Every structure is written in structure tokens, then in C-alpha cells.
Amino acid sequence: MFNPMIWTMLKTALLETLYMVGVSTVFAVVLGLPLGILLVITSEGHIKPNKWFNTILGWIVNVGRSVPFIILMVAIINFTRWLVGTSIGTTAAIVPLTISAIPFFARVTEQSLREVDKGIIEAAQAMGATTMQIIIKVLLPEAFSSLVLAMTITAVNLIGYSAMAGAIGGGGLGDLAIRYGYQRFRGDIMLITVIVLVILVQGVQTIGNFIARRLSHK
Amino acid sequence: MIQFENVTKVYKGENEVVALSDVDLTIKDGEIFGIIGLSGAGKSTLVRCINLLETPDKGRVSVNGVDMLSLTSRRLREERKKIGMIFQHFNLLSSRTVEDNIAFPLELSKVPKKVRKEKVAELLELVGLTDKARAYPSQLSGGQKQRVGIARALANDQEILLCDEATSALDPQTTRSILDLLKKINKERGITIVIITHEMNVIKEICDKVAVIEDGRIIESGVVEEVLLNPTTDTAKTFLKGVIKTEVPPEVAARLKLSNGGELIQITFLGGETGEPIINEMVSKFDVLVNILYGNIDQVQDITFGMLVLKLTGPEQKLAKAFLEDKGLKVKVISDV
């Protein structure tokens, strides 16, 4: 149906997408998780309430979330260049992807951790647990299954955003769809790229659901 | 020994709530001390002031001579490790197995793994859950979950066990088995147990002493039998009613409605007069027929409480009723049930 070159392009694009999404998900989790934890524990009635800190952090996270990705990508070009040495290509795309996903993941983490029963936290406090022990031994393990789902949602979001990264030469499936499918009127390439994206999203979500279910003992 | 001196706790906010007001309380070592009150009376706050899950606004709380309010947070954590606590909703970690839940407080205290294992095995045996060691809390019944809670609360060889409505989510039979376990632990380990409850049955079953709390104040306290027998406040009386079941169950009441003629009366007796054959005497003295329709007799330690619903027919109904009242029974006409 297609000539072999399309398959090669598709394969490269898929790998680029996986690379961008994979790396930015990891960074978003590593950097967003502590923020999410802080958002929860400093909230009123939690283990380390601090109204000012919580309000300011919440505000910063909201600002981060309200900047449209396409704008963010352009706005931080200088930062990206400074950080990774270039503003074009898949590696460069990882920077805005990560930065856009950090506040998002912080919020979903916050939601997951908030679901942990207050009673369990109180029990740990009654047992003389330190704040750190409560975070590591209670909050995170109790919310683990829900956190996996949070990571899944973040990854799926990033798949969508990574397609936009194509606009600044980020590479990946989105780039392929825009350059060949849209600009060169190759409807077939457009179609196959979208199909691959759909399968990718479905796959990530299914795997995420499966792991989350396995981890849950509720 | 747990001591409260003038402890006051106020929840500030739009409508201020005085949860505890000038509470004085002494709980001696080895006692099973019950604190009973309606919901919102302040009993939960009271028990949380012992391990400072709630901080009193005023007053002094001392546990085994340690002034709890003077402690640094580090020392407070150390003191908390000596006080076990169990909860109405068990509050087990759903992500951990039974054995890992019991090991949790030991992990917090950084007890080496080998010691932890031995301790957990011993505790599992104590609460009778050795075969459930690898199960997750979601696979257990309510009673089993509370047993895990108890084992966890004893893992650090605690001297005090706080029970916050620990049986309120359990059915009567399970409640009984949990209370038996608490009694056994109290006997074998000499642990002081503080029980918060709204069920007089719990007090009746295992407590040595009881305090009745209402609107943040302790309105009555003492040895259980004394408080049960001579309640001086309305709240205490209300709780007592709960124990001796002076209410006719609705399904019985429905049946009583069907019986016509005569007069329905309900008599309540308490303590001493239960030794006398009063009904028999009444029948032989007066021209009256007695039909016993419903009854309930209960025992608290050595004292009998009870209630009977009688149907009196005959010309001397009134005299018979007066006779019962003379004998010190409470008589209530319930023809209108």
C-alpha cells in the first residue's frame, strides 16, 4: 500500500514521540511529585498546614497551567537553548513539554494524595510518625495506584502536546502529520499517523489502568 | 496514669464550639475507663487530647507524669509511641498486608527486621489472626480489621490503649468478641484502656469506671455500677434506658395494638426489688388478670435491670397499678401504643 520510505519515516517519528513523551513524563513526575506533595501537606487541616506557602505555590502552579502550550514553547525558546544548547529538534521539545507537564502532574498528584483517608494519616500521627515518614510510608504507598493513573493521564496529555511540538521542528508523529499529511496533502500519511497516535494513546492508557488495578488493594 | 486538669478546647470559626470545658479527669494505671456521651459531646476531642492529636487551649494533660503540653515535637512523637490507639474505621493501611500493618509502628521506631518479624508473629497469635498474615485489609471482616488495629496498637508494648468508638462500626456479636479481646489484653498485660463510646453496652461489658460527658463537660463519673444504678443526670438516665431497653420494639408494639380490652402497662424495675415475687403478689391480692406480653431483663455486673409489658384486665386494675407503684416500680400506661 505504502512505499517502504513511509514506513521508515513512521518508525522514526514514532520513536521520536516515544522519546519526547517518555523523557518529559519522567522529568514531570520527578519534579511535579514534590510539588504535589507540598500542595497537599501544606493545605489547611493536613500534616504541615501553611496558608501562605500553599496559596503562593497554588498560584504558581495555576499560572503554569494557564499558559497555552504553543505559547509556552515559543516563550521559553531562550531558556531551552541555554539548557540543552538548541531550540530545534526532539531534545529541545522535551524542555517545554516537561515544563508544561510539571504543574499538571503536581495538580493530579495533589488530587491523588488528597484521596488518602485522613483517618489513616491520623493513625500514623498517633503512632509517632514524622512528617517524612507519613509522606513516604503512608501518603505515597496508599495513593500509589492512583498516582500511576495520574502518570498515565500526564503521558497521554504529553502525547498530544508532543504533536504540537512538531510546529517548531520538534519531530515525532505530529511533525510527520503536519509536514506530510497537511502541508503536502498526503491524506494517507495523515491517516496512518493519526491511527498510530490513537493506538499509542490507547496502549498507554490500557497499560496504566492495568498496573493501577494490580497495585490497588482497596 | 492519665490526668486532665482544667482542660479546655474551643474550636474557633464562624460558630465557636466549646468541645471541652474545664475537664478534670484521672485515669489510673490498669483501669478500663469508659467515656460515654452523645455525638458532639466532646468525647472524641477528649481522647485526642491525651496523645495531643488535638491540642488543648487551656489546662494540663499529663500521661505517666509527663506533661504532654511541654514537649518538643520530637519528644511528643516518642511519647506517642507509648500510647496505642484504635479507631472506629480501623484506619489500616490498605496498601499493606496484615503483617506489614502490624509491623508499621515498629518500622517507625526503626526496629530491626528480625525483631519485627518475631513481634508480629506474637501479636498475630494474640489477636488470633495468624492465618491472615498475608491478607490485605480489604479481604478482612470488620472484626478482623479491628483485631489488626489492636495488634498494631500494641506493637510497641504500649502502656495505654485509646479506643475511639472502636466497636461502633461492628455488629453486636463482633463487638462482644472485640471487647473480650480488650479485656483479655487488659488482664494479661495490665494495659490501661480508655474507651470512648456512645453505647452503654460497651461500658456495661468491660469498663471499671465511667465518665459521662455532655456539652464538653464531665457531668458524672465513678465506678460503673454506681453510675448505672444511681444516675443523677438526664443524660446518664438516657444512656441507662439504652441498656435496659425500656422501649417496646415496633414490631411488638404492632402486635400489642391488636389485643383489645384491658389496659396495657409497662413496668420498669431496677436492682433490689427484682428479688421479690411482685407480680404474683399482685395477682393474689387483687381481682385482676395479668397477661405478660413482652419483657426484657438485663444484668450489669450483679445488678438486674428489667422491663415488662403487662395487660391488666379486671375490676381492680387501678388498685393493682397503685400496688406496683408502691413497690417502687415505674409504671407507665401504654394503651396507646
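Modeller: One definition to begin with: two strands pair if DSSP finds at least two bridges between them. Bear in mind that this is a predicted model.

Colleague: How do you know that β7 and β8 of chain B are paired, and which residue is the bridge partner of L161(B)?

Modeller: Strand β7 (residues 160-164) and strand β8 (residues 192-197) of chain B are joined by 5 bridges. The rule asks for at least two, so the two strands count as a pair. They run parallel. For L161(B), the bridge partner in β8(B) is I193(B).

Colleague: What makes the sheet that holds them an open one with mixed pairing?

Modeller: The sheet has 6 strands of chain B in the order β6-β7-β8-β3-β9-β10. Its edge strands are β6 (83-87) and β10 (217-223) of chain B, each of which pairs on one side only. From one strand to the next, the twist averages 15°. In general, strands of a sheet pair through backbone hydrogen bonds, either parallel or antiparallel.

Colleague: Which residues stand at the hairpin of β9(B) and β10(B)?

Modeller: E214(B) has R217(B) as its bridge partner in β10(B). The hairpin has 2 residues between the strands, and D215(B) takes a positive phi near 50°.

Colleague: What makes you say that helix α6 of chain B packs on the sheet?

Modeller: Helix α6 (residues 172-189) of chain B touches β3 (32-36), β6, β7 and β8 of chain B. Contact means heavy atoms within 4.5 Å, so the word rests on distances between atoms. The direction of α6(B) makes about 155° with that of β8(B).

Colleague: What elements does chain A have?

Modeller: Chain A has 9 helices and 0 strands. Its C-alpha atoms fill a box of roughly 65 × 40 × 25 Å along the principal axes.

Colleague: How do you know that E122(A) and R48(B) form a salt bridge?

Modeller: Their closest N and O atoms are 2.6 Å apart. The cut-off is 4 Å, so the pair qualifies. Between chain B and chain A the count is 2 salt bridges, and there are 9 residue pairs in polar contact.

Colleague: What makes E110(A) and R114(A) a salt bridge, and where do they lie?

Modeller: Here the closest N and O atoms are 2.7 Å apart, and the limit is 4 Å, so the label applies. Both lie in helix α5 (residues 90-114) of chain A, 4 residues apart, about one turn of the helix. Over all chains, the whole structure has 24 salt bridges.

Colleague: How much area is buried between the chains, and which residues of chain B lose the most?

Modeller: About 1,900 Å² is buried between chain B and chain A, with 58% of it from carbon and sulfur atoms. In chain B, N91(B), S94(B) and L108(B) lose the most area to chain A, together 26% of what that side buries. The contact takes 23 residues from chain B and 19 residues from chain A.

Notes: Residues numbered from 1 in each chain as written. Chains lettered and ligands numbered in written order. Predicted model: local features only at pLDDT ≥ 70, side-chain atom pairs only at ≥ 80, totals over all residues. Heavy atoms only, no water. Axes fitted to C-alpha atoms, helices over the stretch in contact; angles between N-to-C directions. Buried area = accessible area lost by both parts, 1.4 Å probe. Salt bridge = Lys/Arg side-chain N within 4 Å of Asp/Glu carboxyl O. Polar contact = N/O pair within 3.5 Å; in protein donor to acceptor, adjacent residues only side chain to side chain.
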